[in-house]
Amino acid sequence: MYDASHTWYGVIIKSCAMEFKILGDTMDKLSLAFEFRHACKRFDESKKINHEDLEAILEAGRLSPSSFGMEPWHFVVVDNADIKTELRAICYNQEQVTSCSHYVIVLYRKASNFTSQSHYLRQAVARTLPDQNDQTAIDIACQDFINFTKFGLANGLTVNHWSEMQDYLAAANMMTAAAYRGIDSCAIGGFEHDKVIQILEKHIPQFSGETFGVGLCLAFGYRVNEQQPHIRWSLQDVTTYLS
C-alpha cells in the first residue's frame, strides 16, 4: 500500500488506509480513489504489487460491463524484466514500461471471433440460454448479435473497433481498483501495435495475432514522484441535463 504522506489539490493523505480529509469534510473511499489515481510516469522499481492486490485489480477488469456481455478482452500480465525491456523499445521508450511492477497488455478479440460458426461467439451466447446445448437457440442468438454488428454500429465502425472499445471499460475499472488499494497506474496507448503482437507470439506459443489485437496497456506499481493536481473541466462544463 502507498504509505507516504502527500498533500495536493486540498487533499491530505493521512495513511495507507486511505483516510482522507478534504477541506474539513470526509471523503468516501471510492471518491478518494478517483483523486488518488493519476498517470504515474515513474514507478519505484524496488516495490512490487503482491499477488492478492494484483488479482483484485484483474478481477475488476473481469467483472467489467461489456456490450452484449461478450467480454471480448484478455489480459496478459508481464512482470518479467527482460520482456518488459523488449516492450519498452516498441512503446516509444516510455520509462514506466520497465519501472512498473506489472505491465498489463489489454487485448481485444478480432472480428473472426464473432461469426455464426466461431467457437467464441457460440460459447458466449450459449451460457446465457436456459438450454446451453440448444443449437437452434444458439444460432438465433448469434444471428441477433451479427445483425447488430451489421446494422447497429455507427458509420465506419467495424467489429474490431467495437471490440477494442470494450477494453477501455475494463481498463478504467482496473485502474480505479488499483487506486482503491493505493496502487498507481498509467494507461499507455503509445506503442507499435504489430510489434507488440510479435513479442506476444514469440513468448506465448498459443497466442495469435489473427485472434487478438492490442487495445491498450496498463502499467501498475508505486509512485516515486509527488502527484500533480488533476486538471479537469468543471462538472458544469461537461454536463447537460434534459429534463
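**Salt bridges and sheet**

Reply: Arg-181 counts as partly exposed, at 26% relative accessibility. Please bear in mind that this is a predicted model.

Me: What does the side chain of Arg-181 meet in a salt bridge?
Reply: The partner is Asp-53, with an N to O distance of 2.4 Å. The two residues are 128 apart in the chain and link distant parts of it: Arg-181 is in the loop between H7 and S7, and Asp-53 is in helix H2.

Me: And Asp-53, is that buried or exposed?
Reply: Asp-53 is buried, because its relative accessible area is 6%, and the cut-off for buried is under 20%.

Me: Which residues is Asp-53 in contact with, leaving aside neighbours within four places in sequence?
Reply: Asp-53 is in contact with Arg-181, Ile-183 and Tyr-222.

Me: How many salt bridges does the count come to?
Reply: The count comes to 8 salt bridges. One of them joins Glu-86 to Lys-202, with the closest N and O atoms 2.7 Å apart. Glu-86 belongs to helix H3 and Lys-202 to helix H8, so this pair ties together parts that are 116 residues apart in sequence.

Me: How exposed are Glu-86 and Lys-202?
Reply: Glu-86 is partly exposed, with 24% relative accessibility, whereas Lys-202 is exposed at 54%.

Me: Changing topic: in what order do the strands of the open sheet come?
Reply: The order of the 4 strands is S5-S6-S8-S7, and their pairing is antiparallel. S5 and S7 are the edge strands, each pairing on one side only. From one strand to the next, the twist averages 25°.

Me: How many bridges join S7 to S8?
Reply: There are 5 bridges between S7 and S8; within this pairing, Ala-187 stands opposite Leu-218. On S6, the antiparallel pairing with S8 has 8 bridges, and Val-106 has Leu-216 in S8 as its bridge partner.

Me: Why is S7 described as largely enclosed by the rest of the structure?
Reply: The reason is that 4 of the 5 residues of S7 (residues 184-188) are buried.

Me: Which strands does helix H7 lie across?
Reply: Helix H7 (residues 159-180) lies across S5, S6, S7 and S8, and runs at about 10° to S8.

Me: Last topic, the surface: which residues form a nonpolar patch there?
Reply: The patch consists of Leu-30, Phe-34 and Tyr-180, which together have about 310 Å² of accessible area. Phe-34 is found in helix H1 (residues 29-36) and is partly exposed, with a relative accessible area of 47%.

Conventions: Residues are numbered from 1 along each chain as its sequence is written. This is a predicted model: local features need pLDDT of at least 70, side-chain atom pairs count only at pLDDT 80 or more; totals for chains, interfaces and linings use all residues. Side-chain values use heavy atoms; hydrogens and water are left out. Patches are made of residues with over 30% relative accessible area and no salt bridge: like charges are joined within 9 Å, nonpolar side chains (Val, Leu, Ile, Met, Phe, Trp, Tyr) within 5 Å. Accessible areas come from the Shrake-Rupley method with a 1.4 Å probe; for residues, only the protein chains shown count as cover. A salt bridge is a side-chain nitrogen of Lys or Arg within 4 Å of a carboxyl oxygen of Asp or Glu. Buried means under 20% relative accessible area, exposed over 50%, partly exposed in between (1.4 Å probe, protein chains only). Contact means heavy atoms within 4.5 Å. Two strands pair if DSSP finds at least two bridges between them. Axes are lines fitted to C-alpha atoms, for helices over the stretch in contact, and angles run from 0 to 180 degrees between N-to-C directions.
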